[in-house]
Amino acid sequence: MLGPGIAWYLGIAAFLFATGALGVLIRRNPIIVLLSLEIMLNGGNLALIAFSRHARNGAGQIFALTVMAVAASEVCVGLGLVVAINRRRLALDVDRLSELRG
Amino acid sequence: MIVASTGNVIVWIVWVGAGFACLASGIAVVSFSNPFYSALALIGNLGSLAVLYLLLSAEFVAAAQVLVYAGAVMVMFLFVIAYVGPRMETPWAGGPTWQSVGAVLAAGAIFVEIIVAVALKAGGRLSHSDHVNRTFGTPGWIGRLFLTDHLLAFEITSIVLLIAAVGGVILGAHTRRTA
């Protein structure tokens, strides 16, 4: 295999996951929370594909494609929620959307 | 020998460029105050990830990444941001709160934890991998896997997408009852 080894790709994947987690924790706009979730999922995907290449096994790539489909579903529902929140004139702020708090 | 080392150098250069673009655009998504710029930075992030997938000889996944994410999902994001209107938010303004400090600490802990776990579990064995044959990662090979070994995952994925589409329609439908 030319170029860097699998461990370097895993480092990038770990950094992407941590960056996405930081965005999910720190941002209050639900759209940016969804974008950060995409970064987290892509970090997981990169690790899956790197391990698939290392093991020379196709299951990792199949799993990555499934994760992409799940991410598309999650974006569909999440953006539907954002549109519904916006239509009801509620604040687009995940800290202030606390009506369900017990 | 010279050809092999030249190819190695080229792959390293492409990897450094794509990896740096990936990390920088990931940080940009989290730190931009305008959601529109964050979405544009995420497109750059997904494109550089597709380059990394190509280096890992996952050709079909790289193509699907560009088509599904950068093509479809990001257009939907941009439409919703344009519909809702850009709401500025300054995540780092007003000094560090306990919440932001805790978030940075938690993200750093996750990063260190993953690195330590991978290094402890498989430190030396991940350094080099063997060559794969020519069909690895091609669309035909992926399709054959999907329709033989992973047929259940394929079918369940289609059901998940269908349910998500129905949920999106229900959430977005404008009825008088809910108003």
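Author: A residue is called buried if 20 or more other C-beta atoms, placed from the backbone, lie within 10 Å of its own, exposed if 12 or fewer do, and partly exposed in between. By that count Ser57(B) is buried, because 21 other C-beta atoms lie within 10 Å. This is a predicted model, in which local features need pLDDT of at least 70, side-chain atom pairs count only at pLDDT 80 or more, and totals for chains, interfaces and linings use all residues. Residues are numbered from 1 along each chain as its sequence is written, while chains are lettered from A and ligands numbered from 1 in the order in which they are written.

Ser57(B) sits in the loop between H2 and H3 of chain B (helices are DSSP runs of H or I with at least four residues, strands are runs of E with at least two, and both are numbered from the N terminus). Its phi is positive, about 55°, although Ser57(B) is not a glycine. Most residues other than glycine have a negative phi. In chain A, the loop between H2 and H3 holds Arg56(A), another non-glycine residue with a positive phi, near 55°. Arg56(A) is partly exposed, because it has 14 C-beta neighbours inside 10 Å.

The axes of H2(A) and H2(B) come within 10 Å and cross at roughly 5° (axes are lines fitted to C-alpha atoms over the stretch in contact, with angles from 0 to 180 degrees between N-to-C directions). H2(A) is therefore roughly parallel to H2(B), a label for angles under 35 degrees. Residues of H2(A) such as Leu35(A), Ile39(A) and Leu46(A) take part, and on the H2(B) side the residues include Leu42(B), Leu46(B) and Tyr53(B). The contact of H2(A) with H2(B) has 13 nonpolar, three polar and one charged residues (Ala, Val, Leu, Ile, Met, Phe, Trp, Tyr, Cys and Pro count as nonpolar, Asp, Glu, Lys and Arg as charged, the others as polar).

Taken over the two chains, 72 residues of chain B are in contact with 60 residues of chain A, where contact means C-beta atoms within 7 Å. H1(B) supplies the largest share of the side of chain B that touches chain A, twelve residues. That side divides into 50 nonpolar, 19 polar and three charged residues.

The largest nonpolar core has 63 residues, and Ala13(A), Leu46(A) and Ala50(A) touch the most other members (a core is a set of buried Ala, Val, Leu, Ile, Met, Phe, Trp, Tyr and Cys residues joined through C-beta atoms within 7 Å). H1(A) gives the most to this core, 14 residues. Beyond its neighbours within four places in sequence, Ala13(A) is in contact with Gly43(A), Leu46(A), Ala47(A) and Ala50(A).

Chain A itself has three helices and zero strands. Its radius of gyration is 17 Å, well over the 13 Å that the globule rule gives for 102 residues, so chain A is more spread out than a compact globule (the radius is taken over C-alpha atoms, and the rule is 2.2 Å times the number of residues to the power 0.38). Along the principal axes, the C-alpha atoms of chain A fill a box of roughly 55 × 25 × 25 Å. Buried residues make up 54% of the 102 residues in chain A.

Key
Angles under 35 degrees count as roughly parallel, over 145 as roughly antiparallel, 65 to 115 as roughly perpendicular and the rest as oblique.
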